[in-house]
Amino acid sequence: MPGGDSPASYFPSIEMKYGRPIAEWKELIRTSPLTKPMELVSWLKSEHGLGHGHANALVAHTLAEQADE
């Protein structure tokens, strides 16, 4: 896995595969009415077509950032 096991290591492939910048995905997660990690992952998969690993990485990274604020 590029860049180790951190969620951010997935970001280059997420941007390449889905054609949206990471900031845009994070904004979608932050503004979603959903709050539970697995609900957000399922939502990204069903509504936006992300794979499980990519959705999980985005959710984990975004929620970790919010916890640090």
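The model is predicted.

**Stop 1: the aromatic pair.** Select Tyr 18 and Trp 25. They form the one aromatic pair in the structure. Their ring centres are 6.2 Å apart and the planes meet at 80°, so the pair is edge-to-face; the cut-off for that class is over 60 degrees. Both Tyr 18 and Trp 25 are buried.

**Stop 2: the charge over the ring.** Arg 20 lies over the face of Trp 25, 4.8 Å from the ring centre.

**Stop 3: the helix crossing.** Now show helix H2, residues 22–31, and helix H4, residues 52–68. How do their axes run relative to each other? They come within 10 Å and cross at roughly 70°. H2 and H4 are therefore roughly perpendicular to each other.

Next, select the contact residues. On H2, pick Ile 22, Trp 25, Lys 26, Ile 29 and Arg 30. On H4, pick Leu 58, Val 59, His 61, Thr 62, Glu 65 and Gln 66. Colour them by class: five are nonpolar, three polar and three charged. Trp 25 from the aromatic pair is among the H2 residues in this contact.

**Stop 4: His 54.** Stay on helix H4 and select His 54, which is found there. Is His 54 buried or exposed? His 54 has 14% relative accessibility, so it counts as buried; the limit is under 20%.

Finally, show its neighbours. Leaving aside residues up to four places away in sequence, His 54 touches Tyr 10, Ser 13, Ile 14, Lys 17 and Tyr 18. Tyr 18 is also a member of the aromatic pair from the opening stop.

Notes. Residues are numbered from 1 along each chain as its sequence is written. This is a predicted model: local features need pLDDT of at least 70, side-chain atom pairs count only at pLDDT 80 or more; totals for chains, interfaces and linings use all residues. Side-chain values use heavy atoms; hydrogens and water are left out. Rings of Phe, Tyr and Trp (its six-membered ring) pair if their centres lie within 6.5 Å; planes under 30 degrees apart count as stacked, over 60 as edge-to-face and the rest as tilted. Buried means under 20% relative accessible area, exposed over 50%, partly exposed in between (1.4 Å probe, protein chains only). A charge sits over a ring if NZ of Lys or CZ of Arg is within 6 Å of the ring centre and within 35 degrees of the ring normal. Axes are lines fitted to C-alpha atoms, for helices over the stretch in contact, and angles run from 0 to 180 degrees between N-to-C directions. Helices (H or I, at least four residues) and strands (E, at least two) are DSSP runs, numbered from the N terminus. Angles under 35 degrees count as roughly parallel, over 145 as roughly antiparallel, 65 to 115 as roughly perpendicular and the rest as oblique. Contact means heavy atoms within 4.5 Å. Ala, Val, Leu, Ile, Met, Phe, Trp, Tyr, Cys and Pro count as nonpolar, Asp, Glu, Lys and Arg as charged, and the others, Gly among them, as polar.
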